[in-house]
Amino acid sequence: MEKSLKILLADESSEQRRYLREALLSFGYRNIDEAANGEEAMTKIDRTHPSIVLIDSWLSKIDGLGVIRRAKALSFAPDAKPIFILTSMVHGSTLFV
């Protein structure tokens, strides 16, 4: 996989963004940007045209699915941009990812 990909991490949790950034850096990826909510993610998708977006489904201002719907309407190069939804929730003492 190409290590020069532009990656956008969109998650309200700064801790989760830090964890993902560190994991990606350990694999050699360097071009990583972050967004703390759906509105910021849309702005960055529109401006920077990331190669891959890793997005939490539970974002404020615009949720993850709303970002995906809106991003589909943007004019990109002919190739589609992969968007992966990452989410987790805690039920009792169990974490679901």
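# Close-up views of a predicted model

**Overview of the chain.** Followed along its sequence, the protein chain shows the pattern β-α-β-α-β-α-β-β-β, and the model seen here is a predicted one. The protein chain has three helices and six strands. Of its 97 residues, 35% are buried. Among the contacts with a separation of 6 or more, 64% are between residues 24 or more positions apart. The accessible surface of the protein chain is about 6300 Å², and carbon and sulfur atoms account for 55% of that surface.

View 1. Four strands make up an open sheet, in which their order is 2-1-3-4 and the pairing is parallel. At the edges stand strand 2 and strand 4 (83–86), each of which pairs on one side only. From one strand to the next, the twist averages 20°. As background to this view, the strands of a sheet pair through backbone hydrogen bonds, and the pairing can be either parallel or antiparallel.

**View 2. Strand 1 beside strand 3.** Strand 1 (residues 7–10) and strand 3 (residues 52–56) run parallel, and four bridges join them.

View 3. Helix 1 (residues 14–26) lies across strand 1, strand 2, strand 3 and strand 4, and the helix runs at about 170° to strand 2. Helix 3 (residues 64–72) lies across strand 3 and strand 4, and its angle to strand 4 is about 170°.

**View 4. A salt bridge between arginine 17 and glutamate 34.** The count for this model comes to five salt bridges, and one of them brings together the side chains of arginine 17 and glutamate 34, with a distance of 2.9 Å from N to O. The pair links distant parts of the chain, since arginine 17 belongs to helix 1 (residues 14–26) and glutamate 34 to strand 2 (residues 32–35), 17 residues apart. The contact between the side chains of glutamate 34 and arginine 17 is also listed as a polar contact, again at 2.9 Å. Is arginine 17 buried or exposed? Arginine 17 has a relative accessible area of 11% and is therefore buried, because the word applies to residues under 20%.

View 5. Arginine 21 has a relative accessibility of 25% and so counts as partly exposed. Through salt bridges that share partners, Arg17, Arg21 and Glu34 are joined into one network. When its neighbours within four places in sequence are left aside, glutamate 34 is in contact with Leu8, Leu9, Arg17, Arg21, Glu40 and Lys44.

View 6. The side chains of glutamate 22 and arginine 18 meet in a salt bridge, with 3.4 Å from N to O. Both glutamate 22 and arginine 18 lie in helix 1, where they are four residues apart, or about one turn of the helix. Glutamate 22 has a relative accessible area of 44%, so this residue is partly exposed. Arginine 18 likewise counts as partly exposed, because its relative accessibility is 44%.

**View 7. Tryptophan 58 in a loop.** Tryptophan 58 is found in the loop between strand 3 and helix 3. Its relative accessibility is 61%, and tryptophan 58 therefore counts as exposed, because that word applies to values over 50%. What does tryptophan 58 contact when its neighbours within four places in sequence are left aside? The residues in contact with tryptophan 58 are then Glu12 and Thr87. The side chains of tryptophan 58 and serine 57 are joined by a polar contact of 3.4 Å. Although tryptophan 58 and aspartate 11 are 47 residues apart along the chain, their C-alpha atoms are separated by 7.9 Å.

Key:
Residues are numbered from 1 along each chain as its sequence is written. This is a predicted model: local features need pLDDT of at least 70, side-chain atom pairs count only at pLDDT 80 or more; totals for chains, interfaces and linings use all residues. Side-chain values use heavy atoms; hydrogens and water are left out. A salt bridge is a side-chain nitrogen of Lys or Arg within 4 Å of a carboxyl oxygen of Asp or Glu. Helices (H or I, at least four residues) and strands (E, at least two) are DSSP runs, numbered from the N terminus. Buried means under 20% relative accessible area, exposed over 50%, partly exposed in between (1.4 Å probe, protein chains only). A polar contact is a pair of N or O atoms within 3.5 Å; within protein, one must be able to donate a hydrogen and the other to accept it, and residues adjacent in sequence count only if both atoms are side-chain atoms. Contact means heavy atoms within 4.5 Å. Two strands pair if DSSP finds at least two bridges between them. Axes are lines fitted to C-alpha atoms, for helices over the stretch in contact, and angles run from 0 to 180 degrees between N-to-C directions. Accessible areas come from the Shrake-Rupley method with a 1.4 Å probe; for residues, only the protein chains shown count as cover.
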